[in-house]
Amino acid sequence: MFNTPEQFAAANKASVDAMLTLANTALASAERIAALNLNTARSMLEDGVANAKAMLGAKDPQELFSLQSSLAQPGLEKAVAYSRSVYEISAQSKEEISKLLEAQFSDFQKQVVGLLEKATKNAPAGSDVAVNAVKSAIAAATSAFDSMNKAAKQVADIAETNVAAATNATVKAVGTAAAAAKK
């Protein structure tokens, strides 16, 4: 597969670079999730203290009930925002990893085609059938990879649309319930 030590070293370097890129993408995603979690925890603590103080200041049960209803909406909105942020971070990481894998597959495919072309030039007479079978298999694998990639992207788009619709419906439902409770 490799004719010279330089080709072998270059292939190894490319593999290491790809793994480093993958590791950096995963670590960046984990870092963003950790920062989001820390900020969310801090915000929840601050909100919890403020809400507890407000509820302790209620003068009667009606005011307490009204206060509880009004505090539920912002909490739910923050929970939805948190979920959206986690989903966005995950989707961005998936996209970066998909691009890396697509590039790796493309490079691998080019190497195989190059090797096949070299083998074709040096192949004995009558080996056309075997070479064409290998070329056909490569074309089929490429087509299958492209189809799976397109299907995965369509599923991700549908999931994103459904998550957004469910989130909006939840926020509206809680808003309606909070408004009804105030009346």
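**Confidence**

I was working with a predicted model. I looked up the pLDDT first. The protein averages 82, and 91% of the residues score at least 70. I then went through the elements. Helix H1 (residues 5-56) has the highest mean, 89. Helix H3 (residues 128-182) has the lowest, 75.

**Helix H2**

I checked the length of H2 next. The helix has 62 residues. From first C-alpha to last it reaches 91 Å, close to the 92 Å expected at 1.5 Å a residue. I looked at its start too. There, a side-chain oxygen of Asp 60 comes to within 3.2 Å of the backbone nitrogen of Gln 62.

I listed the buried residues of H2. They include Leu 67, Val 80, Ile 89, Leu 100 and Leu 116.

**Ser 93**

I picked Ser 93, which sits in H2 (residues 61-122). Why does Ser 93 count as buried? Its relative accessibility is 11%, and the cut-off for buried is under 20%. I asked what it touches. Leaving aside neighbours within four places in sequence, Ser 93 is in contact with Thr 25 and Ser 29. With Ser 29 there is a polar contact, side chain to side chain, at 2.9 Å.

**Salt bridges**

I looked up the salt bridges. The count comes to two.

The side chains of Asp 17 and Lys 13 form one, at 2.9 Å, N to O. Both residues are in helix H1, four residues apart, so about one helical turn separates them. I noted the general rule here: with 3.6 residues a turn in an α-helix, residues three or four places apart point the same way. Asp 17 is partly exposed at 33% relative accessible area. Lys 13 is exposed at 53%.

Asp 47 and Lys 78 form a salt bridge too, at 2.3 Å, N to O. Asp 47 lies in H1 and Lys 78 in H2, so this pair ties together parts 31 residues apart in sequence. Asp 47 is partly exposed at 26% relative accessible area. Lys 78 is also partly exposed, at 42%.

I took Glu 95 in H2, partly exposed at 31% relative accessibility.

I then took Asp 157 in H3, partly exposed at 48%. Asp 157 and Asp 128 are 29 residues apart in sequence, and their C-alpha atoms are 43 Å apart.

Notes. Residues numbered from 1 in each chain as written. Predicted model: local features only at pLDDT ≥ 70, side-chain atom pairs only at ≥ 80, totals over all residues. Heavy atoms only, no water. Helix = DSSP H or I, 4+ residues; strand = E, 2+ residues; numbered from the N terminus. Buried < 20%, exposed > 50% of the residue type's maximum accessible area, 1.4 Å probe, protein only. Polar contact = N/O pair within 3.5 Å; in protein donor to acceptor, adjacent residues only side chain to side chain. Contact = heavy atoms within 4.5 Å. pLDDT = per-residue confidence, 0-100. Expected span 1.5 Å × (residues − 1). Salt bridge = Lys/Arg side-chain N within 4 Å of Asp/Glu carboxyl O.
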